[in-house]
Amino acid sequence: TREEVGRHRSPRDRVWVTHGTEVFDVTDFVELHPGGADKVLLAAGGALEPFWALYAPHVLELLREYKVGELSPEEAPPAPAASQDPFAGDPPRHPGLRVNSQKPFNAEPPAELLGERFLTPNELFFTRNHLPVPVVDPGSYRLRVEGPGGRGVSLSLAELRSRFPKHEVTATLQCAGNRRSEMSRVRPVKGLSWDIGAISTARWGGARLRDVLLHAGFSEEREGEWHVCFEGLDTDAGGAPYGASIPYGRAVSPAADVLLAYEMNGQELPRDHGFPLRVVVPGVVGARSVKWLRRVAISPAESPSHWQQNDYKGFSPCVDWDTVDYRTAPAIQELPVQSAITQPRPGAAVPAGELTVKGYA
């Protein structure tokens, strides 16, 4: 019964949760959860559904080994209220996108369209969301830029546009999971099954992060190892925002072209891509280009965010889920050169004779 499940709310009493009619003892699983142990404990003793959509779909597969029973037939799952769906306010999407998950929304353009033009149209640009898309009022929006000791500035969207020269850069963003479906044929890996389309190119416009940091009083060089941490307005069920960081030297480098972007291909940023302001870090994994930016913080440590500390890290081939230690692994920053064939697609029948092959690099 649900009353029996409700008695198991802490590691001492074991942590039980339900998903549909199934009951799981997740006590030994909580530390592995992509949202962190505290996020799983939000659902302790109850249903995962109000929180489930905030986390990666493949986690349900991992839960299977922790199943301990079924709810009594009299205990039908409660019908979720519309207001409980944190994704109810997400924007409409292009029907041509290849969807890998609906909640959170993750999708890529068809490979055949990706190779047709150098700049990817905004509506077909790959979308990698970790959480619900926030609703932001551009009129009241403020960006907080701060450092140790509380020093910093607060800037409106209008001030970002008027106080700093507009800079444009053409940059390709790529998800760290791009081509995971191909990787899985070599060795099984976990995560969304991206094809070759988790990569897109746009002409971004905005203020240089370097200019904003210098305006806020931060010097071009700092002694020791420093980082620039970004926080988004997208939050999980517990209120924790998405976050990431890059080294300070990259943030202030004139050659790095790191932007606080408010335009994408000459248009206002679409909601799925960070409206009203996002970071764009050329040449670096897309996870660091934080969308819906609300805070930039100078820190002697990397971002404390789950996605910087316990995700998007690099390992040698001998490491697997049983031996992984996220704390000692480096966070992914730069990505290797990437190329793929977009036409003909794998398995396609082609006529004999001369063949035109298309792709991207």
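**Strands, turns and one buried leucine**

Trainee: How many bridges join β2 to strand β3, and in which sense do they run?

Mentor: β2 and β3 (residues 22-25) run antiparallel, and four bridges join them. Keep in mind that this is a predicted model.

Trainee: Which residue is the bridge partner of Thr 18?

Mentor: Val 23, in β3, is the bridge partner of Thr 18.

Trainee: And what sits between the strands of that hairpin?

Mentor: Two residues lie between β2 and β3 in the hairpin, and Gly 20 takes a positive phi near 65° there.

Trainee: What about β1, how does that strand pair with β2?

Mentor: β1 covers residues 9-10 and β2 covers residues 14-19; they pair in the antiparallel sense over two bridges. Arg 9 has Val 15 in β2 as its bridge partner. β1 and β2 form a hairpin too, with three residues between them.

Trainee: Arg 14 is in β2. What is its phi?

Mentor: Phi of Arg 14 is near 70°, a positive value in a residue other than glycine.

Trainee: Which other residue has a positive phi of about 70° although it is not a glycine?

Mentor: Arg 179 has one. Arg 179 lies in the loop between β10 (166-174) and α7 (180-186).

Trainee: Buried or exposed, that Arg 179?

Mentor: Arg 179 counts as buried, because its relative accessibility is 17%.

Trainee: Let me step back. How many helices and strands does the protein have?

Mentor: The protein has 10 helices and 19 strands. Its radius of gyration is 22 Å, close to the 21 Å from the globule rule for 361 residues, so the protein is as compact as a globular protein of that length. The C-alpha trace spans about 70 × 65 × 45 Å along its principal axes.

Trainee: What share of the residues is buried?

Mentor: Buried residues make up 48% of the 361. As for the surface, the protein exposes about 17400 Å², and carbon and sulfur atoms supply 53% of that.

Trainee: How far apart are the mean positions of the positive and negative charges?

Mentor: They are 4 Å apart, with 39 positive and 45 negative charges in the protein.

Trainee: Of the contacts between residues at least 6 apart in sequence, what percentage joins residues at least 24 apart?

Mentor: That figure is 66%.

Trainee: Back to strands. What is the order in the open sheet of three strands?

Mentor: The order is β5-β6-β7, with antiparallel pairing. β5 (98-101) and β7 (127-128) stand at the edges with a single partner strand each, so one side of each is left without a neighbour in the sheet.

Trainee: How many bridges pair β6 and β7?

Mentor: Two bridges, in the antiparallel sense, with β6 at residues 106-108. Asn 106 has Arg 128 in β7 as its bridge partner.

Trainee: What is in the loop between β5 and β6?

Mentor: Pro 104 is found there. The peptide bond from Lys 103 to Pro 104 is cis, with omega near -5°.

Trainee: And what kind of peptide bond joins Gln 343 and Pro 344?

Mentor: A cis bond joins them, with omega about -5°. Pro 344 is in the loop between β18 (340-343) and β19 (358-360).

Trainee: New topic, Leu 143. Where is it, and is it buried or exposed?

Mentor: Leu 143 is in strand β8, residues 142-146. Leu 143 counts as buried, because its relative accessibility is 0%.

Trainee: What is Leu 143 in contact with?

Mentor: Leaving aside neighbours within four places in sequence, its contacts include Val 153, Leu 155, Leu 160, Leu 260, Leu 277 and Val 296.

Trainee: Which strands pair with β8?

Mentor: β9 (residues 152-156) runs antiparallel to β8, joined by five bridges. β17 (residues 293-299) pairs with β8 in the parallel sense over three bridges.

Trainee: Which bridge partners does Glu 146 have in β9 and β17?

Mentor: In β9 the bridge partner of Glu 146 is Gly 152, and in β17 it is Ala 297.

Trainee: What is in the hairpin of β8 and β9?

Mentor: Five residues lie between the two strands, and Gly 149 takes a positive phi near 85° in that hairpin.

Notes
Residues are numbered from 1 along each chain as its sequence is written. This is a predicted model: local features need pLDDT of at least 70, side-chain atom pairs count only at pLDDT 80 or more; totals for chains, interfaces and linings use all residues. Side-chain values use heavy atoms; hydrogens and water are left out. The radius of gyration is taken over C-alpha atoms; the globule rule is 2.2 Å times the number of residues to the power 0.38. Buried means under 20% relative accessible area, exposed over 50%, partly exposed in between (1.4 Å probe, protein chains only). Contact means heavy atoms within 4.5 Å. Accessible areas come from the Shrake-Rupley method with a 1.4 Å probe; for residues, only the protein chains shown count as cover. Lys and Arg count as positive and Asp and Glu as negative; His and the chain ends are not counted. The place of a charge is taken as NZ of Lys, CZ of Arg, CG of Asp or CD of Glu. Two strands pair if DSSP finds at least two bridges between them.
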